[in-house]
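Please look over the sequence and the structure shown below. The report that follows takes up a few local features of the backbone, then the overall build, the ligand and a pocket.

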Amino acid sequence: MNIILLGAPGSGKGTMAQKLTVELDIPQISTGDIFRKNLKEETPLGLQIKDILNGGGLVPDEITIEIVKNRLAEPDCSKGYILDGFPRSIAQAEALDSFQHVDCAINLDVDKQTIVSRLSGRRFCPDCNGTFHISTLGNATVCPVCGGKLIVRKDDSEETVLERLRVYESTTLPLIEYYRNQRKLVTVDGTGGVEVVYRRILDVLHK
Ligand code: AP5
């Protein structure tokens with residue numbers, strides 16, 4: 001099954017994708033993780049996109065589309081995949097339709113107040129891409145999964161979060177209509193605890 005997870009920054013796409021990838025045994029393709037890895041390793045791409053990522057803007061469509069197209073052509077995607085953070089513009093969605101078949105676009109619906117509270121408490125492990133929240137981590141400063149040092153993502157500063165939300169509303173939100181018109185959109189209430197939201201997604205997929 002080829003699944004897209006849509007939703008605002010902090011709506012829980014990464015958290016849900018990490019659970020689904022285990023349950024469905026198909027890979028999670030997170031463009032954000034791919035870009036952050038390049039940033040960390042200071043590759044030519046990483047250096048090129050550094051200011052965009054840290055400022056909360058979008059990496060140009062041509063670059064992003066090429067990366068995803070190549071990644072989806074790898075053998076582990078042949079049984080299906082979960083796209084987390086792609087597409088993010090109509091141009092990306094149209095490109096995806098030209099080289100892949102999408103089965104379902106799940107839109108995680110979360111209010112702004114919840115988003116701000118989730119992002120301001122997020123802790124991220126750059127070693128295993130694990131995502132956590134201070135409400136469940138307590139005082140822990142290392143990753144409960146791999147022992148890596150947890151960090152606050154640079155783009156989780158208040159100013160950058162506001163910019164990411166602005167970009168989401170102007171460029172990514174139209175995708176909801178795009179997939180609704182294709183009859184592939186399912187909107188899931190993304191508020192409530194991780195397990196509650198996850199159960200709602202599984203219910204949708206089982207239907
Ligand atoms: P990306 O990493 O994709 O960022 P994003 O879309 O802004 O999404 P986030 O990772 O911030 O949030 P999320 O929805 O995954 O929520 P999470 O599960 O972490 O992209 C980063 C950047 O890369 C972009 O800004 C852009 O520059 C670039 N980029 C990426 N893709 C691109 C593309 N296609 N085109 C162009 N540029 C692109 O959860 C958030 C927090 O909430 C965590 O602390 C988590 O523990 C907690 N949480 C999650 N669910 C729950 C729940 N149900 N209850 C309580 N807490 C929860």
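## Backbone details in two loops

In this predicted model, Asn129 is found in the loop that runs between β5 (122-124) and β6. Although Asn129 is a residue other than glycine, its phi is positive, with a value near 65 degrees. Most residues other than glycine have a negative phi, and most peptide bonds are trans.

Pro87 is placed in the loop between β3 (81-84) and α5 (90-99).

## Overall build

The protein contains 10 helices and 7 strands. Its radius of gyration is 16 Å, which is close to the 17 Å that the globule rule gives for 207 residues, so the protein is as compact as a globular protein of that length. Taken along the principal axes, the box filled by the C-alpha atoms is roughly 45 × 40 × 35 Å.

## The ligand and its surroundings

The ligand is surrounded by 34 residues, and the closest of these are Thr15, Gly57, Arg88, Arg122 and Arg164. By class, the residues of this shell comprise 11 nonpolar, 15 polar and 8 charged. At least two residues of the shell are supplied by each of α1 (13-24), α2, α6 (112-120), β6 (131-133) and α10 (194-206), and the largest share, 4 residues, comes from α2.

Which backbone atoms lie within reach of polar atoms of the ligand? A polar backbone atom of Gly10 is 2.9 Å from an oxygen atom of the ligand, while a polar backbone atom of Phe132 is 2.7 Å from an oxygen atom of the ligand. A nitrogen atom of the ligand, in turn, is 2.9 Å from a polar backbone atom of Gly192. Taken alone, the ligand exposes 1000 Å², and the protein buries 94% of that area.

## The second largest pocket

The second largest pocket has a volume of about 510 Å³. Its lining is made up of 22 residues, and those that lie nearest the centre of the pocket are Arg36, Lys37, Leu39, Lys40 and Phe124. The elements that give two or more residues to this lining are α2 (31-40) and α3 (44-55), and α2 gives the most, with 6 residues.

How many residues of each class are found in the lining of the second largest pocket? The lining has 11 charged, 8 nonpolar and 3 polar residues.

Definitions and conventions. Residues numbered from 1 in each chain as written. Predicted model: local features only at pLDDT ≥ 70, side-chain atom pairs only at ≥ 80, totals over all residues. Heavy atoms only, no water. 1 Å grid on protein atoms, 1.4 Å probe; cavity = no way out; pocket = protein on both sides within 12 Å on 5 of 7 lines; lining within 4 Å. Points joined across faces, edges and corners; volume = space filled by probe spheres on them. Nonpolar A, V, L, I, M, F, W, Y, C, P; charged D, E, K, R; others polar. Near = heavy atom within 4 Å. Polar contact = N/O pair within 3.5 Å; in protein donor to acceptor, adjacent residues only side chain to side chain. Areas by Shrake-Rupley, 256 points an atom, 1.4 Å probe, with all protein chains shown as cover. Rg over C-alpha atoms; globule rule 2.2 N^0.38 Å.
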